[in-house]
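Colleague: Could you walk me through this structure? I have not looked at it before.

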Amino acid sequence: MNKLVVMAAILSLQACAFTDATLKVEHDTGVNITGPISEAGVKNFTAPQLEDAREDKARIGWKKNGFGMETADITTEQPVDVIVANAIIDALKDNGHSVAEEGDVHITGTVDRFWFDTDVNFWSIEFLGDVQCTLDFIDSKTNTSIYSSSYSGTYKEKTGGGYVKTWTEVMGKAIDKLIEDIVYDEDLQEALAGRK
């Protein structure tokens with residue numbers, strides 16, 4: 001029975017393998033992820049200014065046929081730098097900080113990877129979302145960096161099948177993992193706490 005489900009999923013993927021897919025990827029605002037940065041004292045941030053630094057900016061993944069050939073683009077409704085910036089804003093607010101037009105700490109950085117992939121196995125299909133960014137936290141008064149680091153979020157899900165909804169959920173959960181990496185950064189917490 002499992003074999004039939006997988007075969008049906010593969011046939012379904014093949015049937016639409018030549019049509020581009022656009023995903024509505026975003027951080028789930030209902031997911032409240034808090035970590036050590038909530039203990040840094042309330043900070044006022046400006047909205048992150050991120051740049052899409054990916055080598056392939058045209059897509060976030062490929063559709064593939066049953067032979068593993070790349071046949072169509074997978075893209076997002078919003079630019080990936082906007083998606084990641086919005087997720088960071090939500091994370092900062094969830095951790096007790098504020099985000100406004102003028103803040104004490106300015107965040108700049110790059111989105112280094114934002115990629116969705118599939119691995120079709122004999123009994124199942126594995127979906128993989130991978131999001132990476134580099135952030136620099138800058139003192140707005142002195143315009144000097146107080147801390148910088150790279151962050152990543154990866155999420156895998158193995159099922160009997162799935163399509164756009166599954167792809168969107170996998171990328172959303174990869175963003176959640178990225179947010180976890182940021183808010184649990186104890187070195188970032190110390191850098192923010194030490195800023196007067």
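Colleague: Which residues form one aromatic cluster?

Modeller: Please keep in mind that this is a predicted model. The aromatic cluster consists of Phe116, Phe127 and Trp167.

Colleague: How many aromatic pairs does a search of the whole structure find?

Modeller: The search finds three aromatic pairs. One of them joins Phe116 and Phe127, with 6.2 Å centre to centre and 20 degrees between the planes, and is stacked.

Colleague: Which parts does that pair tie together?

Modeller: Phe116 belongs to strand S7 (residues 105-120) and Phe127 to strand S8 (residues 125-139), so the pair links parts that are eleven residues apart in sequence.

Colleague: And why is the pair of Phe116 and Trp167 tilted?

Modeller: The ring centres of Phe116 and Trp167 are 5.4 Å apart and the planes stand at 40 degrees, so this pair counts as tilted. Trp167 sits in helix H3 (residues 164-183) while Phe116 is in strand S7, so the pair ties together parts that are 51 residues apart in sequence.

Colleague: Changing topic: which residues touch the most other members of the largest nonpolar core?

Modeller: That core has 44 residues, and those touching the most other members are Ile88, Phe114, Leu135, Phe137, Tyr151 and Ile179. Two or more residues come from each of strand S1 (21-23), H2, S7, S8, strand S9 (144-159), H3 and helix H4 (186-193).

Colleague: Which element gives the most to it?

Modeller: H3 does, with nine residues.

Colleague: What is Phe114 in contact with, leaving aside neighbours within four places in sequence?

Modeller: Among its contacts are Val80, Ile83 and Val84. Phe114 also contacts others, including Val25, Arg54, Asp130, Met171 and Ile175.

Colleague: Let us turn to H2. How many residues does it have, and how far does it reach?

Modeller: Helix H2 (residues 80-94) has 15 residues and spans 21 Å from its first C-alpha to its last, close to the 21 Å expected at 1.5 Å a residue.

Colleague: Which of its residues are buried?

Modeller: The buried residues of H2 are Val80, Asp81, Ile83, Val84, Ala85, Ala87, Ile88, Ile89, Ala91 and Leu92. Ile88 is also one of the residues that touch the most other members of the largest nonpolar core.

Note on methods. Residues numbered from 1 in each chain as written. Predicted model: local features only at pLDDT ≥ 70, side-chain atom pairs only at ≥ 80, totals over all residues. Heavy atoms only, no water. Helix = DSSP H or I, 4+ residues; strand = E, 2+ residues; numbered from the N terminus. Expected span 1.5 Å × (residues − 1). Buried < 20%, exposed > 50% of the residue type's maximum accessible area, 1.4 Å probe, protein only. Phe/Tyr/Trp six-rings, centres within 6.5 Å; stacked < 30°, edge-to-face > 60°. Core = buried A, V, L, I, M, F, W, Y, C linked by side-chain atoms within 4.5 Å. Contact = heavy atoms within 4.5 Å.
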